[in-house]
Amino acid sequence: MTNENMNIPESKESYWRAFKDVPNYPQLQKNESTEVGVVGGGIAGIISAYLLAKAGKKVTLIDAGKLIDGVTGYTTAKISAQHDLIYSDLIKMSGEVEAKKYYDANIEGLEFIKNTAKELGIDCDFEHHDAFVYANTEAGAKLIEQEAEAYEQLGLPGGLAKSEAELPFDIKEAIVMRDQAQFHPVKFLAGLVKEFERLGGTVYEKTRAIKILSKQDPVVQTENMSHLSSEKVIVATHYPFNDADGMYFARMSVERSYVVAAKVKGDLPKHMYISTDKPSRSLRYATDGNGERFLLIGGEDHGSGKHKGDTLENYQKLAEWGDEYFGIENIPYRWSAQDMTTLDKVPYIGTSTVGYEKILVATGFHKWGMAHGALAGMLLSDQILGNENRYASLYNPTRTKMKPADMASFAKDNASVAKELVKGKLQRPTKTADSLEKGEGASVKTSKGAAGGYRDEYGQLHLVDTTCTHMGCETKWNDAERSWDCPCHGSRFSYTGEVLEGPAVKPLKRIEE
């Protein structure tokens, strides 16, 4: 297949979201009360809600859009405790005991998904596979060797495994973690939501939370001014919409990454792979309803809103790489997602901040949200039910011990935000609104000043104020997703201004020319 004939799908669609048997739910249009309010219909929110309902709590789950249509529906869906090369760093930062806890926590998340699917009879394509990290460079190989030493220190199942890597190109080194897993997240969570309803749970979709009115007696206020009162609230919205409570916007970085799902001519890797070198490459296979397997190729990550050039090029690069090594026949799906990383790469799961004991949060999964999402559901439900959980201190969002590396990351990320804030205000558009072609978006000059413009397939021009409604940074056009993306904290908006991803909760202002 030639580079000019890669046939990247025109529209973004996730293979997981192509599964249609996901229930639909109404919008919350009046004031209601419940024992526990859960905001966010992804893996962490749904598992939290299910476990609390199973324990006899009255639980109401709300989502800003459709259930499982956030990052959980746009993942590579690996369930693993092998999160790139993290254990060597964890030992240095927190010691062997906490590093081993991190592994154990993720394995418990994996086992929860496996056992729950079996218990409830949910066919979610769950399969055990080994997970590999490989290196193409000598520098990457040295990092893998350090990680292998950490595996040995902690007694983790695996180690150096260059000879076991079934890849159609030469590598310098590889490390394996045995008996990890992959699955179909939408099939699993759709089944879990049905069980949640059977247990008495209530679900509302198209119900965007915009603020929590009280930390003592939490009331979630929604976009349409309906209110959900509860004894406790779980915020599982990927990026907390209440991020000012706890300064989350200053404690996380945001990256966007891409996936193509391809039918290939060559042999598919049996196991799961990810590179330690850049540009990143992630591999696993999936099986469609006809029993045909295709290859998921992920990577090309970059800071959200900070990509230079057309973002569609990222899909093209993945396709070209896949064609070189596996021989691509066609690409039926392509999608992208963004992920938050905390200062120490360990998620924040628990009480959102000091003094807010009735408001809990789960965020910062560092691109590994499947096992961690399940763990978050178990940990948050335990905290609400008053059960002891040995992982609480490891994931505590209010942990205060900041190491030199954390401080450097904090300073770097916040300096970048300040730079983007100033740079965005100084930039001036060179295009005019009238010059936009169909399907083209850009910052443009109008009779009312600078604006974000997009001309749709029918020729209609859509103009918005590109100032992010979260903290005032200037959004940038993303041609692959036809969205306005914020380079400061990752908020995303449609070309008509609606919020696609938080932390922003208010749409971009529309401009009438």
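A polar contact here is a pair of N or O atoms within 3.5 Å; within protein, one must be able to donate a hydrogen and the other to accept it. Keep that in mind for the first item. The model is predicted.

I'll start with Arg208. Arg208 sits in the loop between strand 8 (202-204) and strand 9 (209-212). Its side chain reaches the backbone oxygen of Val499 at 3.0 Å. Arg208 is buried, yet has no salt bridge. Leaving aside residues up to four places away in sequence, Arg208 touches Asp63, Ala64, Gln221, Thr222, Glu223, Val499, Ala504 and Val505.

Helix 4 covers residues 138-154, 17 residues in total. From first C-alpha to last, helix 4 reaches 25 Å, close to the 24 Å expected at 1.5 Å a residue.

Which residues of helix 4 are buried? They are Gly140, Ala141, Ile144, Glu147, Ala148, Ala150, Tyr151 and Leu154. These cover an arc of only 165° around the axis, so they lie on the same side of helix 4. On the other side, Glu138, Ala139, Lys142, Glu149 and Glu152 are exposed.

What do the buried residues pack against? Their partners are helix 2 (87-94), helix 3 (96-120), strand 5 (127-135), strand 6 (158-160) and strand 7 (173-182).

Last, the end of the helix. Gly155 follows helix 4, and its phi is positive, near 75°.

Conventions:
Residues numbered from 1 in each chain as written. Predicted model: local features only at pLDDT ≥ 70, side-chain atom pairs only at ≥ 80, totals over all residues. Heavy atoms only, no water. Helix = DSSP H or I, 4+ residues; strand = E, 2+ residues; numbered from the N terminus. Buried < 20%, exposed > 50% of the residue type's maximum accessible area, 1.4 Å probe, protein only. Lys, Arg positive; Asp, Glu negative; His and termini not counted. Salt bridge = Lys/Arg side-chain N within 4 Å of Asp/Glu carboxyl O. Contact = heavy atoms within 4.5 Å. Expected span 1.5 Å × (residues − 1). Arc of directions from axis to C-beta.
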